[in-house]
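Here's a quick briefing on how two chains meet in this model. Have a look at the structure first, then read on.

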Protein chains: 4
Amino acid sequence: MTDHPTSPNPTAVPATTARPNPAGVRRLAVLTSGGDAPGMNAAIRAVVRTGTQQGIEMIGVRRGFSGLHRGELVVMGARDVANIIQRGGTILLTARSRTWRTPEGRARGAQVLRDWGVDGLIVIGGDGSFHGGHYLQEEHGIPVIGIPGTIDNDLYGTDHTIGYFTAVETALDAVDKLRDTGASHERIFVIEVMGRHAGHIALDVAVAGGAEEVFIPEDHKPVAGVVEIVKDSVAKGKRGSIIIVAEGYEGGAQGVADAIEAGTGLETRVSILGHIQRGGSPVSSDRILASRLGEAAVYALMEGRKGVMVGRGASGVIYTPLHETWEKRKDVSRDLYRCAMTLSI
Amino acid sequence: MTDHPTSPNPTAVPATTARPNPAGVRRLAVLTSGGDAPGMNAAIRAVVRTGTQQGIEMIGVRRGFSGLHRGELVVMGARDVANIIQRGGTILLTARSRTWRTPEGRARGAQVLRDWGVDGLIVIGGDGSFHGGHYLQEEHGIPVIGIPGTIDNDLYGTDHTIGYFTAVETALDAVDKLRDTGASHERIFVIEVMGRHAGHIALDVAVAGGAEEVFIPEDHKPVAGVVEIVKDSVAKGKRGSIIIVAEGYEGGAQGVADAIEAGTGLETRVSILGHIQRGGSPVSSDRILASRLGEAAVYALMEGRKGVMVGRGASGVIYTPLHETWEKRKDVSRDLYRCAMTLSI
Amino acid sequence: MTDHPTSPNPTAVPATTARPNPAGVRRLAVLTSGGDAPGMNAAIRAVVRTGTQQGIEMIGVRRGFSGLHRGELVVMGARDVANIIQRGGTILLTARSRTWRTPEGRARGAQVLRDWGVDGLIVIGGDGSFHGGHYLQEEHGIPVIGIPGTIDNDLYGTDHTIGYFTAVETALDAVDKLRDTGASHERIFVIEVMGRHAGHIALDVAVAGGAEEVFIPEDHKPVAGVVEIVKDSVAKGKRGSIIIVAEGYEGGAQGVADAIEAGTGLETRVSILGHIQRGGSPVSSDRILASRLGEAAVYALMEGRKGVMVGRGASGVIYTPLHETWEKRKDVSRDLYRCAMTLSI
Amino acid sequence: MTDHPTSPNPTAVPATTARPNPAGVRRLAVLTSGGDAPGMNAAIRAVVRTGTQQGIEMIGVRRGFSGLHRGELVVMGARDVANIIQRGGTILLTARSRTWRTPEGRARGAQVLRDWGVDGLIVIGGDGSFHGGHYLQEEHGIPVIGIPGTIDNDLYGTDHTIGYFTAVETALDAVDKLRDTGASHERIFVIEVMGRHAGHIALDVAVAGGAEEVFIPEDHKPVAGVVEIVKDSVAKGKRGSIIIVAEGYEGGAQGVADAIEAGTGLETRVSILGHIQRGGSPVSSDRILASRLGEAAVYALMEGRKGVMVGRGASGVIYTPLHETWEKRKDVSRDLYRCAMTLSI
């Protein structure tokens, strides 16, 4: 990266397969915002390389919206994103910005983008970040495209979000390890996975981890029922039980464990997986999704789209107005939920 | 597992959420066949537990069709499939059977199933295995349902096959490791991944591994082009290159490496990943797919379906006649192919 | 496993390379006790196979001392320990027994061993388990050999304990993941690893994880010092800090995090890794150590040794009286501690 | 890194715990050479940070001896080695240099070091690299210290070499995966691991992987014997066999597989693991060893030592004349070999 805004970009190779550019895009900026997610680097790489390949000068903004209004921008070429596709975290850094929530903050950010001659901004993040991008476009007319980067998979408008697959895999790896101990000691493990408002991670981990029970925020299942399940499980001769709880379920893992101990007299162990679910080298599904959506985000701006999130649907890339991504709700799969219960016998 | 065919099944729990059973299914058999794939055990577990939960007696056949005509059958209950969801390979074992290709062999197998009072057979495997199931049903009227279990992802009628995600992940892990060495020595690695007739694994690994080039059987790209790509890559200052080749591409990895050495004078290293791609604990996506399709296969037989493969489509579980799974062709994604090339600059 | 105590053992192969057996050992029992540790299965396998190969009949005791006084014994042959070397947990199960702490409980256990004609007992576990074995031998004359199986590495008489290497690797993997997030958000992570009385895991993880600071129970370093370190770290431009705390350090990770927040005003994140450190497939070093010590334990009983733990020292296998393993203290390496501090600049 | 040789080094912090520096060292250079090994980056980090902490200016040489005689040197500070401890490969790059084998080449390299005012050179690599360092010191009087960085573990003067533990773990992971397939198909896998002249990797992998047989270069075991072992294994009811072969064993894995097929008529599968064993994030043992030896190498030069390799022995860091590291032989452990055979029944 070089820090000079007006330098010619030596790495913008001639666009061999140039796409139509009716919007006349010549410079684009990209930032990561909110909680980091594995695959954000793969998305940055895809954005920078696609732009470069189309002859567009690419600018990276460091520290999200916080860095944007402070002017932390750098020109990026194809080599600046070499060897990052496999890395967790985000080389552009991320932050949560209070200033951005004020009109003054956003005005400063918009001015920075105008000073740099930027024709559009790509925001990689979750719904909080899309709010930030939405208001920037509404108030200052700068075209914004969102790329769904969050482990929670709770955005309407895409079948999956970048980082989700890796988070599930990390949580599953922990469940497999805890099962070893649970089975050896014939113990009950109550494991809390991420998901403040959504049970996507919890449900996938429950099915893939062969859990006896799962508690998610979408469901108003009373914790009392788990007592019968555990008793039944012991009666069937199961050695050790695995109960998965999304952090957003009322009472969390500790509440569920307390109910089990009170109702059965059996000892439980609580494990709260926490931030490890955010890190690590992204699995292939996250890298591929990030590559596809990173490419699509640049093409979208070239085509004149704005104020939308690029996502993946059944038929390929789809576009959803930013505000719908948080206004509409993506449900967990009821079929998968039933499947989890069927197979836990 | 117990070996007695006529024993009552003590683990068939009363079906709390009984599904309609118009086909009047009371006993079902399941086998794994052909090359093993990670997630086969998760599929066996799902089949056995779903059946048991529906009050159906479940029978496991060992060593695929080979064990079927020799009568290697065992009753299986819910506990017999405990603690296997995370294991590679198949607890039912698998084999390739020459005898099954003869009408006499299939007649013997059909007689075994009739002797055991089996109302339907679930075959977990790839197209060769589905051939075996197809003829069994055609010739002897035994309902057969296929579950796609193969790392190659080359079956029409399902977005993915069980084992595919794990194979991609294993190959990608190897690519990440080779990149360390490739970058340190500024060397060209030509890596051969599985896929005799299909480039699905190769393409996913190429995108996720950030490869410079990919060669797949579906494509008739001349190997000569790679010479220009490698030269160009060196000129751009890339440190080390990764070239992915599907085993079915003419000449394989060695052929591509020879062309590069002849055309550029640069040293290359060939790595043929081979059978490690078949093994290992299945990743979450394979376990979930196996759980869903295993459940669906039992329901399908209860509903009177036969001669079809259960697969996953955009809308959920779909059913495809067995013969279409090998007659029709599942293409690799052209969009993904273009994406791979865009991002390799 | 078969449950009949007097059956001939068909799997006791003729000892091709028979070792001297002055103690005239003909039957041996083995159990796992206390907290489980990765590699316990590899140790069970080594014990059973070495005994079998020497023509000794091998007996497995389930659920540790608890199962011993209740008579949960099974004959084990070479095939009964096939395919377990790579598995976490313990196939013999483990438990903590209150009854065993009473003379009556131990008398019952001793009678069970005499009824089964057992000539010696191998105890795989930590210091609590060795206490149990020590009193059994003292009170009832049954030869006991200990194998160090605990993730804490806190036993005198062996350079490492079985399970330790895997626990360090699991904790390190978590630290690597947290570093991704820590660096992206420029945040301070305070990570608690296992070690109630010993800082071995914490120190290894700190060095290997490139931590800024480490707090262990052996050290009476005031937590206040960490405030300066963190301030200094920020001043140097470090992006994110990793602080490792052993669970036995007063106040734990939460105490350290509170001190940092109070002293610097910076936000911290606490991560308590917990039981995942006990599980998972053992790494090679644990499997090799378990194999060597399992073999050595059987030879030790054949040679007439008793009341000792087999351990690994610089010169190979060494023998330490059981009571010394908990009476004497194994220090953490001061050189390594200094190294950790040198490299955290 | 900055490229200017005469710049003051702003990152050389005041040495808070200054060590005696009788040799008056003020500037040191470090390079990596020969085949890369996981942990080389951890060693570079340790060297640079220890030197910096002692007030010594540190210089990195890129591309090994090849870059040395071409003058590819850069000043390195503590921050330049941040976030590399967990990375495979070597940020300093490595190469094999023909020019260095000539007196003229070495003379040029010596002149470069003198021009930069370097007081000593640290060489991270294997025996070929130590040859290069040895002659540089002999002919030009520049103090050289070696750090053992090679996956083969074949250097006399250290219990283990940096990279060895990771290579074993990578090979073991592959063996675990192949075992899944081997057991499912009841097949024989013959697996070739690295080790052209030494069987260290092969032996560790055989013990940890529960292999049936192992072939190493140190041993002149006729391949014919394996036929009996495989027959015996089948007779015992083993499902699938694992045979480990070091690449340096005459005939390699293919030779062993051919002998088995000819002698038993059974089908085998050959897997040559190859370069993946060189890559990947280093395991904890390699990072710790690299950290300790990197620190020790700087102290050694400060104390006036030269022409030696720093290694780890039973008592801590030991020093061995460079030429002894290749002249003397480090045997594989005979006890471990016997153990492997005992446990393969």
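A salt bridge here is a side-chain nitrogen of Lys or Arg within 4 Å of a carboxyl oxygen of Asp or Glu. Asp176(C) and Arg287(D) make one, with their closest N and O atoms 2.7 Å apart. Keep in mind that this is a predicted model, where local features need pLDDT of at least 70, side-chain atom pairs count only at pLDDT 80 or more, and totals for chains, interfaces and linings use all residues. Residues are numbered from 1 along each chain as its sequence is written, chains are lettered from A in the order in which they are written, and side-chain values use heavy atoms, with hydrogens and water left out.

- Between chain D and chain C the count is 6 salt bridges.
- Sorted by class, the side of chain D that touches chain C has 17 nonpolar, 14 polar (Gly among them) and 15 charged residues.

**Extent of the interface**
- In contact (heavy atoms within 4.5 Å) are 46 residues of chain D and 46 residues of chain C.
- The two chains bury about 3800 Å² between them (accessible area, 1.4 Å probe, lost on being put together and summed over both), 57% of it on carbon and sulfur atoms.
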